[in-house]
Amino acid sequence: MPRPFRFAVNMLTPAAGPEWRKRCRRAEALGFDVIQVPDHLGMPAPFPALVAAAEATGRPRLGTFVLNTAFWNPALLAREIATTDTLTEGRLEVGLGTGYVQEEHERAGLEFLPPRERVDLLTRMVGELDRLLGDEAHVPRPAQLPRPPLLIGGNGDRVLRLAAEHAEITAFTGARVTPDGVRVLTAEELDGRVAAYRGFEAGRPAPAELNLLLQMVTVTQDRRAAVRELRPMAPHLTEDQILEVPVIAVGTVRQIADQLRERRERFGFSYLTVLDPFMEAFGPVIEELRGS
């Protein structure tokens with residue numbers, strides 16, 4: 001049987017307290033299962049924003065999507081995780097990634113390491129969080145023991161292997177950073193990444209939940225017109241190929257729901273994240289898919 005769908009919204013846009021709480025309540029009303037906050041400069045700080053989201057809502061879980069590992073010291077991050085998990089009454093999911101925006105690291109006064117070293121840093125962070133939060137003497141203690149569920153995001157072999165070994169949730173970005181900018185992955189390219197991950201997770205006692213970040217959600221009768229704005233991200237693809245890109249959900253509500261069912265069947269993506277500008281558009285899709 002396929003894993004049931006879960007739906008998350010990644011809240012990118014800062015807001016004052018009353019507006020933030022209103023938006024979080026709206027996300028809950030639309031049926032989102034998880035409210036996420038990213039870890040980028042110029043966007044909300046993840047942990048206080050998630051605590052405020054928890055105070056405004058009753059049902060959704062709360063997640064970091066995803067933390068830039070180089071921004072954090074393991075001991076300080078373990079304290080943030082444990083405190084936030086306690087204040088949200090055990091609703092926290094911890095998302096970690098290597099970080100990919102050089103300009104943000106430079107603004108923060110942090111060295112932007114080469115890719116291999118960023119993965120090394122992520123690996124050490126995962127090990128340290130397991131050690132610190134798994135220690136019964138650690139203060140504060142998280143509400144979820146030995147630690148909240150871990151999501152690791154990425155597409156490279158080393159990150160996927162790390163996720164297979166340690167994470168309850170593996171997140172695929174469906175895009176990669178190139179010298180010319182962000183380039184979306186084709187369905188065939190993502191097939192390869194998922195196949196690599198399946199090989200790495202062969203020894204797990206139970207399969208992980210797989211997440212995909214949808215970069216665009218547009219409810220429309222004219223699918224082709226909607227994807228033309230994406231041509232700069234996919235100049236190597238035809239319009240027909242863009243329509244099949246997994247991180248794009250375009251069409252009527254029924255068509256989008258059918259696309260996401262097919263992607264769950266093909267890739268295993270049952271946990272779907274949308275960006276907050278698409279929150280309202282995705283609400284009817286959640287209703288269409290609920291219980292699938």
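## Salt bridges

A salt bridge here is a side-chain nitrogen of Lys or Arg within 4 Å of a carboxyl oxygen of Asp or Glu. R6 sits in strand 1 (residues 6–10) and E93 in strand 5 (residues 92–97), 87 residues apart. R6 is buried at 17% relative accessibility, and E93 is buried at 4%; buried means under 20% relative accessible area, exposed over 50%, and partly exposed in between, with a 1.4 Å probe and protein chains only.

Another salt bridge pairs E288 with R254, again given as N to O, at 2.7 Å. E288 belongs to helix 11 (residues 279–289) and R254 to helix 10 (residues 253–267), so this pair ties together parts 34 residues apart in sequence. Across the whole structure, the search finds 20 salt bridges.

## Where two helices cross

Next, take a look at helix 3 (residues 74–87) and helix 5 (residues 115–133), whose axes come within 10 Å and cross at roughly 55 degrees. The contact (heavy atoms within 4.5 Å) involves P74, A75, L77, A78, I81 and A82 of helix 3, and M125, E128, L129, L132 and L133 of helix 5.

## About the model

This is a predicted model, in which local features need pLDDT of at least 70 and side-chain atom pairs count only at pLDDT 80 or more, while totals for chains, interfaces and linings use all residues. Residues are numbered from 1 along each chain as its sequence is written, and side-chain values use heavy atoms, leaving out hydrogens and water.

Key. Axes fitted to C-alpha atoms, helices over the stretch in contact; angles between N-to-C directions. Helix = DSSP H or I, 4+ residues; strand = E, 2+ residues; numbered from the N terminus.
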